[in-house]
Amino acid sequence: MSTASRLPQLAGRLASRLPRTVDARVRRLAVASLIGQTLLVVTGGAVRLTASGLGCPTWPRCTSDSLVNTPEMGIHGFIEFGNRLLTFALAAVAALMLVYLWNLRKERKDLFLLALGLLASIPAQAVIGGVTVLTNLNPWVVGLHFLVSMALVVFATLLVNRAFGRTGRFVSVQHQALPGLLRPVTAAVALFSAVAVMLGVVVTGAGPHAGDADAPRNDLDWDLFSHIHAVPAYLVTAGTLVALVLVLRRRITGPFRTAVLALLGVTVLQAVIGFTQYYNGIPALLVAAHMLGAALLMAASTNTWDLARSSPVQ
């Protein structure tokens with residue numbers, strides 16, 4: 001029997017070994033995807049804050065003669081190429097997720113489409129990263145690169161929630177009924193979180209951490225946009241406090257209460273980091289912590305809104 005004629009049999013055997021229900025393997029991959037997308041934000045921040053943005057001075061190769069960094073490139077080449085490698089690791093996780101969901105592609109389109117979107121984003125991110133290098137770290141392109149990562153954190157959060165049966169059409173977790181006001185409040189918090197992140201990109205593009213000593217800045221007033229950036233952050237805090245008051249007054253327990261408390265913790269942490277870095281000359285370590293906090297804020301606000309819209313209304 002020829003190799004070509006055996007392919008359908010091999011494919012059938014593989015499919016028979018893949019999950020027919022959402023099991024622990026699928027859930028672990030969903031969690032790995034969320035962790036990986038968050039780590040990508042951290043490593044991307046490390047590239048910028050260590051001035052390693054042009055550690056690999058060209059793209060798609062690291063140099064004109066090498067696909068990988070070389071010892072002569074030093075720590076900057078290692079950091080930049082390490083960030084590129086993480087992208088390939090995320091692609092592998094997303095591809096494996098699609099394989100494990102193959103038997104469920106019709107029944108669980110919600111999971112399959114989210115996993116497909118995460119996989120499709122990998123080449124898009126790679127291209128944007130390449131344009132970033134080829135444009136000498138243009139701050140607007142760098143900002144777009146970061147915003148796509150934030151969107152992927154949102155998608156990965158939704159993937160985790162649906163893989164664990166917390167939200168969506170296939171909810172398997174019993175949720176306590178919530179006051180109707182919580183749906184618009186949590187939606188507003190998620191929206192203002194996104195606005196705060198987008199304005200944070202503008203602030204960063206005007207600040208001192210360009211990723212390379214010769215990289216351009218956006219020439220906007222850093223101090224002015226720092227204050228503008230704070231406005232949606234205040235609204236996020238206000239909305240989170242409203243949600244907390246409703247949770248405490250109505251004695252809401254379970255996943256939604258946990259989500260609101262986590263959102264409050266991340267919001268307070270971001271506020272402390274933001275004020276501290278503003279009044280202390282924007283030290284690189286605090287900027288890195290603020291970037292990680294932005295990813296956590298997007299995940300926490302998405303999770304809270306997703307749980308609110310999937311819970312019954314009182």
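**Reading salt bridges**

Tutor: Let us begin with position along a helix: Asp306 and Arg309 are 3 residues apart in helix H9 (residues 284-310), which means that about one helical turn separates them. Keep in mind throughout that this is a predicted model.

Student: What do the side chains of Asp306 and Arg309 form together?

Tutor: The side chains of Asp306 and Arg309 meet in a salt bridge, with an N to O distance of 3.5 Å.

Student: Is Asp306 buried or exposed?

Tutor: The general idea is to compare the relative accessible area with a cut-off, where a value under 20% counts as buried. Asp306 has a relative accessible area of 0% and is therefore buried, whereas Arg309, with 41%, is partly exposed.

Student: How many salt bridges does a search of the whole structure find?

Tutor: A search of the whole structure finds 5 salt bridges. One of them is formed by the side chains of Glu80 and Arg84, with 3.0 Å from N to O.

Student: Where do Glu80 and Arg84 lie?

Tutor: Both residues lie in helix H3 (residues 74-100), where Glu80 and Arg84 are 4 residues apart, about one turn of the helix. On accessibility, Glu80 is buried, with a relative accessible area of 7%, and Arg84 is buried as well, with a relative accessible area of 13%.

Student: Which residues does Arg61 touch, not counting residues up to four places away in sequence?

Tutor: With those sequence neighbours left out, Arg61 touches Ser66, Leu67 and Arg84. Arg61 itself is found in the loop between helix H2 (24-49) and H3, and at 37% relative accessibility Arg61 counts as partly exposed. For a sense of distance across the model, the C-alpha atoms of Arg61 and Ala300 are separated by 36 Å, these residues being 239 residues apart along the chain.

Student: What can be said of Arg108 and Asp110?

Tutor: The side chains of Arg108 and Asp110 meet in a salt bridge, at 2.9 Å from N to O.

Notes
Residues numbered from 1 in each chain as written. Predicted model: local features only at pLDDT ≥ 70, side-chain atom pairs only at ≥ 80, totals over all residues. Heavy atoms only, no water. Salt bridge = Lys/Arg side-chain N within 4 Å of Asp/Glu carboxyl O. Helix = DSSP H or I, 4+ residues; strand = E, 2+ residues; numbered from the N terminus. Buried < 20%, exposed > 50% of the residue type's maximum accessible area, 1.4 Å probe, protein only. Contact = heavy atoms within 4.5 Å.
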